[in-house]
Amino acid sequence: MSDDTVGEDDLLLVRRVQSGDKRAFDVLVLRYQGKVLKLVMRYVRDAMEAEDVAQEAFIKAYRALPGFRGDSAFYTWLYRIVINTAKNTLVSAKRRPLDYNLDSPDSEQSGLLSRLTDGETPEQLLLSDETRRTVEAVMSELPEELRTAIVLRELDGLSYEEIASAVDCPVGTVRSRIFRAREAIDKTLRPIFSGGLGRPDP
Amino acid sequence: MSDTLNEQISALVDGELPAAETELLLRRLDREPALRETLTRYSLIGAVLRGDAVSSGSRVTLGVSAALAAEKAHVPAARRHDTPQRIFKVLGGLAVAATVAGLAIFGLMHRPGFDGAAVPQIAISTPVVSPVRSVHAPAARQSVSGSFLASHDEPQSYVTPAAQPSLGVIPRAQLASYVVAHSEVSSPLGLTSVLNNLVTDGPAAGVNGQ
């Protein structure tokens with residue numbers, strides 16, 4: 001997704017929140033929770049604690065939002081709040097930040113280790129693994145054009161316009177292909193997520 | 001749920017939904033839990049594909065949503081600032097602007113060579129907050145309220161007389177004093193315009209009162 005497109009759309013959502021629409025903030029949370037969690041995990045290794053810090057940062061952001069004038073991108077503004085919240089957590093716990101290099105060769109392994117040792121229950125890990133396997137299975141069966149569209153969007157972060165240019169088709173077609181890919185995955189995932197998001201059926 | 005709506009949700013997740021559609025969709029999301037669940041699942045699909053922690057993400061979303069449910073929604077900035085003081089300030093600004101505009105027209109009508117008969121005669125009412133004392137208000141226009149105001153040392157009239165050759169006008173010195181006295185609240189452009197007229201007009205240019 002291009003920065004300009006995201007910036008404009010974020011700003012629209014921010015304006016909605018500022019005019020009293022809480023639901024628009026949910027969309028911002030959904031959009032940035034992954035990035036925020038990764039950012040927090042640089043400071044706090046415990047997964048449960050990281051979730052708490054991420055939550056606290058989002059709530060602080062919501063409360064501070066009336067003062068956001070759009071001089072910088074929303075995420076740049078949010079980033080500062082997240083970093084400050086994470087640092088304050090460490091200060092109050094009298095701990096030093098982790099020297100956690102996400103780009104190191106064994107980062108994937110250490111990430112898995114931290115998942116196994118901190119926070120996530122075996123059931124949650126099982127759910128995550130089941131979810132991943134399901135998504136991979138559906139992805140492998142998707143028509144080529146749908147798979148390409150959603151991979152370029154979700155993994156490479158391209159905007160619809162950039163994808164349209166890359167695969168030489170109208171932007172509307174890109175939008176439709178990405179939706180159809182999501183819909184196909186969603187149909188398979190819905191039973192897994194039913195009974196509460198991120199939780200298996202009782 | 002229609003495919004059209006779900007396609008809009010998909011585009012919203014990507015930040016690619018046009019502004020007008022976003023406004024409408026957010027309203028529907030507020031009313032329809034099923035749409036919100038779709039929005040959450042579509043977001044989580046992206047998290048799964050990127051290898052993010054899905055369960056953590058959903059807990060953050062639910063946690064923030066629950067915490068914000070107890071929070072008051074933000075009040076729009078415009079509504080917050082609509083205090084009586086602000087309204088008074090706006091009205092005051094309009095009054096000053098009207099006064100300056102009145103003076104500018106007045107000055108224009110008394111420029112050398114201006115033919116007062118060529119345009120309709122108009123009386124310009126100036127707002128109460130910045131009255132212009134009428135020097136030659138016709139007696140017929142004096143009213144009970146005019147007498148009351150006069151007895152309380154208030155301006156006798158709030159009507160700037162229309163430019164008529166037979167009537168006098170505000171003396172040049174008095175107009176200059178007025179403009180200087182109100183220079184702090186006049187717009188620079190209006191002030192310059194009026195002062196220019198006073199400076200450049202010849203001595204015989206309609207200074208009937210001197």
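A:Phe74 has its place in helix 4 of chain A, which spans residues 74–92; the model discussed here is a predicted one.

Trainee: How are helix 2 of chain A and helix 3 of chain A oriented to each other?

Mentor: Helix 2 covers residues 22–40 and helix 3 covers residues 47–64 of chain A, and the two pack with their axes 10 Å apart at an angle of about 140 degrees. The crossing of this pair in chain A is right-handed. Angles over 145 degrees would count as roughly antiparallel, and helix 2 of chain A and helix 3 of chain A are therefore oblique.

Trainee: How many nonpolar, polar and charged residues does the contact of helix 2 of chain A with helix 3 of chain A have?

Mentor: Helix 2 of chain A contributes A:Lys22, A:Phe25, A:Val29, A:Tyr32, A:Gln33, A:Val36, A:Leu37 and A:Val40, while helix 3 of chain A contributes A:Ala50, A:Glu51, A:Val53, A:Ala54, A:Phe58, A:Ala61 and A:Tyr62. Sorted by class, the residues of this contact are twelve nonpolar, one polar and two charged.

Trainee: Which residue of chain B is in contact with A:Ala54?

Mentor: A:Ala54 belongs to helix 3 of chain A and is buried, with a relative accessible area of 0%. Its C-alpha atom is separated by 9.5 Å from that of A:Lys38, which is 16 residues away along the chain. Leaving aside neighbours within four places in sequence, A:Ala54 is in contact with A:Val36, A:Leu37 and A:Val40 from chain A, and from chain B with B:Val60.

Trainee: How are helix 2 of chain A and helix 2 of chain B oriented to each other?

Mentor: Helix 2 of chain B covers residues 19–31, and its axis comes within 9 Å of the axis of helix 2 of chain A, the two crossing at roughly 100 degrees. Here A:Arg23, A:Ala24 and A:Val27 meet B:Leu26, B:Leu29 and B:Asp30, a contact whose residues divide into four nonpolar, no polar and two charged. Angles of 65 to 115 degrees form one class, and the two helices are therefore roughly perpendicular.

Trainee: In what order do the elements of chain B run from the N terminus on?

Mentor: Chain A has nine helices and zero strands, whereas chain B has nine helices and two strands. From the N terminus on, the elements of chain B run α-α-α-α-α-α-β-α-β-α-α.

Trainee: What share of the accessible surface of chain A belongs to carbon and sulfur atoms?

Mentor: Of the 202 residues of chain A, 49% count as buried. The accessible surface of chain A comes to about 10,400 Å², and the share of carbon and sulfur atoms in it is 51%.

Terms used:
Residues are numbered from 1 along each chain as its sequence is written. Chains are lettered from A and ligands numbered from 1 in the order in which they are written. This is a predicted model: local features need pLDDT of at least 70, side-chain atom pairs count only at pLDDT 80 or more; totals for chains, interfaces and linings use all residues. Side-chain values use heavy atoms; hydrogens and water are left out. Helices (H or I, at least four residues) and strands (E, at least two) are DSSP runs, numbered from the N terminus. Buried means under 20% relative accessible area, exposed over 50%, partly exposed in between (1.4 Å probe, protein chains only). Accessible areas come from the Shrake-Rupley method with a 1.4 Å probe; for residues, only the protein chains shown count as cover. Axes are lines fitted to C-alpha atoms, for helices over the stretch in contact, and angles run from 0 to 180 degrees between N-to-C directions. Angles under 35 degrees count as roughly parallel, over 145 as roughly antiparallel, 65 to 115 as roughly perpendicular and the rest as oblique. A crossing is left-handed if the near helix is turned anticlockwise from the far one by less than a right angle, and right-handed if clockwise. Contact means heavy atoms within 4.5 Å. Ala, Val, Leu, Ile, Met, Phe, Trp, Tyr, Cys and Pro count as nonpolar, Asp, Glu, Lys and Arg as charged, and the others, Gly among them, as polar.
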